[in-house]
Amino acid sequence: MTDVTLIGLRVVREICSTGSFSDAAVSLGYTQSAVSRQVRAVESAVGATLFERGARGVTPTEAGLAFARHAADALSSLDAAVREVSTLRQHLTGSVAVGAFPAAAAALVPRALAQLAREHRHVTTGFEEGSTPALLRRLRSGRLDVAVVGVCAGPQEHDLDGLRQETLLEDDLRVAVPRQHPLAARPLIRVDELRHESWIIESAAGHTPLYGAWPTLVQPVIAYEASEWSTRLGMVAAGLGVCLLPGLALPSAPAGVTTIQVEDRHWQGRATVAVTEEQRSAQADAVVAALRQQAADLRSATSGNDRPATRPPDLDRAATGGAPAAPVLTADMGGGGRPLRGP
């Protein structure tokens with residue numbers, strides 16, 4: 001038996017509604033011969049005559065009236081299904097798990113999660129904080145849908161092959177100093193001016209800290225270790241030393257702390273990247289979209305400060321011998337992109 005098509009359903013319903021083949025053709029935008037073909041196809045499929053043809057038009061048979069009634073119900077259900085799917089596409093449901101390294105967890109990721117909650121209130125979000133290696137392991141094992149990691153230009157330390165990457169912020173480390181510090185009035189200093197500073201670094205439980213002293217300093221003076229950003233910045237505000245602060249964490253700097261940029265031709269820069277599986281869910285897409293928007297807002301907010309959020313031109317020239325430096329990363333790189341490494 002030939003299948004009944006959606007066009008056939010619509011044609012039969014319209015003929016019953018208008019009372020003629022020609023009026024149904026005009027209403028649906030078909031030719032009259034096309035309407036006749038559809039009726040013949042439906043009659044062949046159901047094995048019954050649906051319309052009696054006469055000099056004054058067509059009259060639906062009992063079978064035709066029954067078929068038209070069910071056709072109307074079927075088309076109404078189909079329209080409802082399309083509307084519901086459209087609504088679900090606009091208003092996501094389900095859950096998504098997001099992980100971030102500590103600097104991104106200071107401002108960027110919380111703001112993105114708040115945006116996600118406003119725009120998709122039926123999506124349940126899980127969050128965890130961790131190092132880049134731990135986050136990537138959890139992403140590959142399926143326990144995370146989106147990992148926000150910090151990466152640096154240079155030899156690849158982490159396996160990112162096959163993962164979808166989108167650069168959110170290209171940014172350098174800052175140095176956080178007390179507001180009364182002799183260097184605090186200067187937005188840019190040379191790296192050799194930091195060699196006698198006392199550093200407050202991240203506690204690392206026997207491992208290399210993610211945020212130690214300035215990366216290229218040799219034998220820096222370590223004054224204190226603390227695991228939390230708030231503790232390290234509080235110590236800086238109290239005048240106990242200086243510490244590193246990624247640019248994306250600038251909004252978390254408390255009163256009493258000033259951040260400065262460092263001219264260092266040996267430091268290749270860093271970036272904050274959203275990493276997902278290559279084939280990601282609609283919920284993960286929504287998270288990345290919110291991260292992208294909040295990263296743009298952070299760039300806009302910090303670019304107006306006296307501590308610029310982007311690498312200044314003279315830093316780029318110093319790093320490249322006079323030519324402008326290429327970007328640290330390119331947005332949305334595939335697995336074959338430029339090698340990365342991260343904390």
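The protein chain has a mean pLDDT of 79, and 80% of its residues reach 70 or more; the model is a predicted one. Over residues 304–343 the pLDDT falls below 50, although this stretch has 108 contacts in the model beyond near neighbours in sequence. Among the elements of the chain, the lowest mean pLDDT, 33, belongs to helix α10 (residues 313–320), whereas strand β3 (residues 94–100) has the highest, 95.

Ten helices and 14 strands were assigned in the protein chain. Of its 343 residues, 43% are buried. When contacts between residues at least 6 apart in sequence are considered, 74% join residues at least 24 apart.

Helix α1 comprises residues 6–18, and its end C-alpha atoms are 18 Å apart. This separation agrees with expectation, because 13 residues at 1.5 Å a residue should span 18 Å. The buried residues of α1 include G8, L9, V11 and V12, together with E14 and I15. An α-helix has 3.6 residues a turn, so residues three or four places apart point the same way. Just after the helix, G19 adopts a positive phi of about 90°.

One aromatic pair is present in the structure. The ring centres of F21 and F51 are 5.9 Å apart and the ring planes meet at 85°, so the pair is classed as edge-to-face. The two residues are 30 apart in the chain, with F21 in helix α2 (residues 21–28) and F51 in strand β1 (residues 51–54); the pair thus links distant parts of the chain. Both F21 and F51 are buried. A further arrangement involving an aromatic ring is found at W229, where R232 lies over the ring face at 4.5 Å from the ring centre.

Strand β9 (residues 198–202) is mostly covered, with four of its five residues buried. The strand pairs with β10 (residues 221–226) in the parallel sense, and five bridges join the two. In β9, burial extends to four of the five residues.

Notes. Residues are numbered from 1 along each chain as its sequence is written. This is a predicted model: local features need pLDDT of at least 70, side-chain atom pairs count only at pLDDT 80 or more; totals for chains, interfaces and linings use all residues. Side-chain values use heavy atoms; hydrogens and water are left out. Buried means under 20% relative accessible area, exposed over 50%, partly exposed in between (1.4 Å probe, protein chains only). Two strands pair if DSSP finds at least two bridges between them. The expected span of a helix is 1.5 Å times one less than its number of residues. pLDDT is the predictor's confidence in each residue, from 0 to 100. Contact means heavy atoms within 4.5 Å. Rings of Phe, Tyr and Trp (its six-membered ring) pair if their centres lie within 6.5 Å; planes under 30 degrees apart count as stacked, over 60 as edge-to-face and the rest as tilted. A charge sits over a ring if NZ of Lys or CZ of Arg is within 6 Å of the ring centre and within 35 degrees of the ring normal.
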